[in-house]
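Trainee: I have a structure open and want to go through its contacts with you. Can we take it piece by piece?
Mentor: Fine, go ahead.
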Amino acid sequence: MTTKTLFDKIWDSHVVQQVEGGPDVLYIDRHLVHEVTSPVAFLGLETRGLKVFRPENTIATPDHNVPTINQHMTIQEELSRHQVDMLTRNCEKHGIQLCGLNHPWHGIVHVIGPELGITQPGRTIVCGDSHTSTHGAFGAIAFGIGTSEVEMVLASQCILQPKPKRMRISVEGTLKKGVTAKDIALYIISKISTSGGTGHFIEYAGSAIRSLSMEGRMTICNMSIESGARGGMIAPDETTFNYIKGREYAPKGEEWDKAVAYWNTLKSDEDAVFDTEYTYDAADIEPMITYGTNPGMGTGITRNIPLGDDLAGSDKLTFEKSLQYMGYHAGERLLGKPIDYVFVGSCTNGRIEDLRAFAGFIRGKKKAPGVTAWIVPGSKQVEKAAQEEGLIDILNEAGFELRQPGCSACLAMNDDKIPEGKYAVSTSNRNFEGRQGPGARTLLASPLTAAAAAVTGMITDPREFLIDY
Amino acid sequence: MSYDKFTTITSPAVPLPVENVDTDQIIPARFLKAVERKGFGDNLFRDWRYDRSGLPKADFVLNNPVYSGQILVGGKNFGSGSSREHAAWAIYDYGFRVVVSSFFADIFKNNALNNGLLPVVVSAEFLQKIFNTIESDPKAEFTVDLASQTFTNVTSGESEPFDINPYKKHCLMNGLDDIDFLVSLKDEIAEFEKTRL
Ligand code: SF4
């Protein structure tokens, strides 16, 4: 068989060896490292007396548990400080580029990779973090790995992986006003469920996907893992090349031309075969919001919570348990439900376009009294751009403030925890029980929907305001 | 890392008939701050197991002394969400050697296999029968035989074969890990790199 998918082309060109009856030895071009999933891997290397095999292809940043205020000061919380210090020590010891706190490149690992031009088409990229799928937006094979696998890559720049199956999800047509990449992602997961992508690598295609900016594409690929898929990818095109050009680690001069020539070959052959295919119509997608405790429990914002009549047995119990946690009832209307917190940030929606969308929406409006909002840029560079574009002033005038970069309330490892029982409209990617703090209730949505909730204090369809948006 | 060789286990099982058990439930993020692979079992299922003041919740299965054993039986799509390997460490550290479900999330499955924890996939019907058996007798025993790749409900005598990648099976049965193998390929890897530049 000579026809290949985009995924096959990149994967096959990275196989160093096939283990008999086993997984492939896959070569990894770039390895991203953060403070939480790496210390045990570095310790493992040391115990074996090994060095990092290719430190020049490895880059690190502390993002998961850093505070989002007073980053110039010593981290107060002892265990977090210890992890961040360990990362610094390990990077120094092994000669790894570290984008530490206060470094101009600091930020969430999946925001800085693309921003620095490290994420490039045709590459294999891994990180001890499931949202590594974000980088697939550039036509790369990027996926999250466990700590044992981090150790494998540190030791050998390779990983043992069985080759996943191929899935293509096409979204055709034009998105309606007020509908964003985040809504596409939540829509797809609500259709195929949180296990629908398991065992697969997804290629997103279709005119609605093509029309997205790189940042929108990253949002979609980021959430691939929420459908259970190993990763997601989008074939590179002019939009991709324009984004990469001129960035810190981007190829320059002649190298650039060579790279683009190669990148242009990175697409699925016309008659390539996928193990699974889905096609959706962009016009069917509304602004989405979740009502339950996994990212598949989402619906169009004007709809009611499902009745769950079609469920039986353990599916039904799981559904009921989830609504009970959320303090919701089957069949209830979502619009108008009060909310307490708004979180804008994370590797899903913490980039400059997201802040622009949020600031554009709230310009001239006021934060609802009683709502606490945390607006957290994905990186130092995003923070800087927000400053230069005057977004911070818009935020401040409306009663919001910008914090400092990090994962923050996305997983609440630092102090940014949503209190028990409170409702948070969040632009992050997971609404699991306790994800944003013990007992916290998360409603996943786009930055626009988060903005609408921030100014009204309730679940609100952002399209109601779109005339003056 | 090194773990005990896996051959055959016969043990009662602990039932957790919940679907989509995500790794944030298995080990919440706030317990990921250690820099060593020790002690995660204490916080396994932390927020289901203990209330906010740290007292055990009587209705959670791990707090019910009737249930014990080295086998954890979960609902479908077990281990979804975050890639944190701490989830596999916590389950292993607590004392489980096998997790049974009708469906596992990919990364969790890899992480488990890399840490001597065997994920066993059975059919949805067989899973239900396991839950039923434990419900009528919490001390009912099950046998996991890795060599023959079978999972047996000792009470009913019924058994089901399960799949495992032959390479991973070899590693588990011999307590081997992947890193030694990969490091032994260094020359091949360096050769391969030349073709990529
Ligand atoms: S922002 Fe959230 S999802 Fe992204 S890397 Fe950080 S914790 Fe993970």
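Trainee: What area is buried between chain A and chain B?
Mentor: About 5100 Å², and carbon and sulfur atoms give 58% of that. Keep in mind that this is a predicted model.

Trainee: Which three residues supply more of the area that chain A buries against chain B than any other three?
Mentor: A:Val40, A:Arg48 and A:Ser148, which supply 11% of it.

Trainee: And how many residues are in contact there?
Mentor: On the chain A side 68 residues are in contact, and on the chain B side 51.

Trainee: How many salt bridges does the rule find across the interface of chain A and chain B?
Mentor: Eight. In one of them, the side chain of A:Arg48 meets that of B:Asp180, at 2.9 Å from N to O.

Trainee: Which elements of chain A supply at least two residues each to the side that touches chain B?
Mentor: There are helices and strands among them: β1 (15-18), β2 (24-27), α2 (39-48), α3, α5 (147-156), β8 (158-161) and α11 (313-326). The largest share, seven residues, comes from α5(A).

Trainee: What about that side by residue class?
Mentor: The side of chain A that touches chain B has 29 polar, 25 nonpolar and 14 charged residues.

Trainee: Back to α5(A). How many of its residues are buried?
Mentor: 10 of the 10, so α5(A) is largely enclosed by the rest of the structure. The buried residues include A:Ser148, which I listed among the three that supply 11% of the area chain A buries against chain B. A:Glu149 and A:Glu151 are also among the buried residues of α5(A).

Trainee: What follows α5(A)?
Mentor: A:Gln157, with a positive phi near 60°.

Trainee: Switching to domains. How is chain A divided?
Mentor: Into domain 1, residues 6-163, and domain 2, residues 290-465. Their C-alpha centres lie 28 Å apart.

Trainee: How many residues of the two domains are in contact?
Mentor: 27 residues of domain 1 of chain A are in contact with 21 residues of domain 2 of chain A. The area buried between them is about 1900 Å², with 57% from carbon and sulfur atoms.

Trainee: How many salt bridges does the rule find across that interface?
Mentor: Zero between domain 1 and domain 2 of chain A. The rule does find 13 residue pairs in polar contact there, both residues at pLDDT 80 or more.

Trainee: Which elements of domain 1 give two or more residues to the side that touches domain 2?
Mentor: α3 (78-94) and α4 (109-115) of chain A. The largest share, four residues, comes from α4(A). By class, that side of domain 1 divides into 15 polar, 10 nonpolar and two charged residues.

Trainee: One residue I had marked is A:Thr124. Is it buried or exposed?
Mentor: A:Thr124 is buried, because its relative accessible area is 0%. A:Thr124 is found in strand β6 (residues 124-127) of chain A. A polar atom of its side chain lies 2.9 Å from the backbone nitrogen of A:Asp29. Beyond four places in sequence, the residues that A:Thr124 touches include A:Ile10, A:His14, A:Leu26 and A:Ile141.

Trainee: Back to salt bridges, then. How many are found over all chains?
Mentor: A search of the whole structure finds 39. One of them joins A:Arg168 and A:Glu277, with the closest N and O atoms 3.0 Å apart. The pair links distant parts of the chain, since A:Arg168 is in strand β9 (residues 165-172) and A:Glu277 in strand β12 (residues 276-281) of chain A, 109 residues apart.

Trainee: Is A:Glu277 buried or partly exposed?
Mentor: A:Glu277 is partly exposed, at a relative accessible area of 41%.

Trainee: What about chain B?
Mentor: There, the side chains of B:Arg30 and B:Asp47 meet in a salt bridge at 2.6 Å, N to O. B:Arg30 is in the loop between α1 (23-26) and α2 (46-49) of chain B, and B:Asp47 is in helix α2 of chain B, 17 residues away. B:Arg30 counts as partly exposed at 24% relative accessibility, whereas B:Asp47 is buried, at 14%.

Trainee: Which residues do salt bridges with shared partners join into one network?
Mentor: A:Lys4, A:Asp8, A:Asp12, A:Lys163, A:Arg166 and A:Asp275.

Technical notes:
Residues are numbered from 1 along each chain as its sequence is written. Chains are lettered from A and ligands numbered from 1 in the order in which they are written. This is a predicted model: local features need pLDDT of at least 70, side-chain atom pairs count only at pLDDT 80 or more; totals for chains, interfaces and linings use all residues. Side-chain values use heavy atoms; hydrogens and water are left out. Domain bounds come from an automatic or database domain assignment. Contact means heavy atoms within 4.5 Å. Buried area is the accessible area (1.4 Å probe) that two parts lose on being put together, summed over both. A salt bridge is a side-chain nitrogen of Lys or Arg within 4 Å of a carboxyl oxygen of Asp or Glu. A polar contact is a pair of N or O atoms within 3.5 Å; within protein, one must be able to donate a hydrogen and the other to accept it, and residues adjacent in sequence count only if both atoms are side-chain atoms. Ala, Val, Leu, Ile, Met, Phe, Trp, Tyr, Cys and Pro count as nonpolar, Asp, Glu, Lys and Arg as charged, and the others, Gly among them, as polar. Buried means under 20% relative accessible area, exposed over 50%, partly exposed in between (1.4 Å probe, protein chains only).
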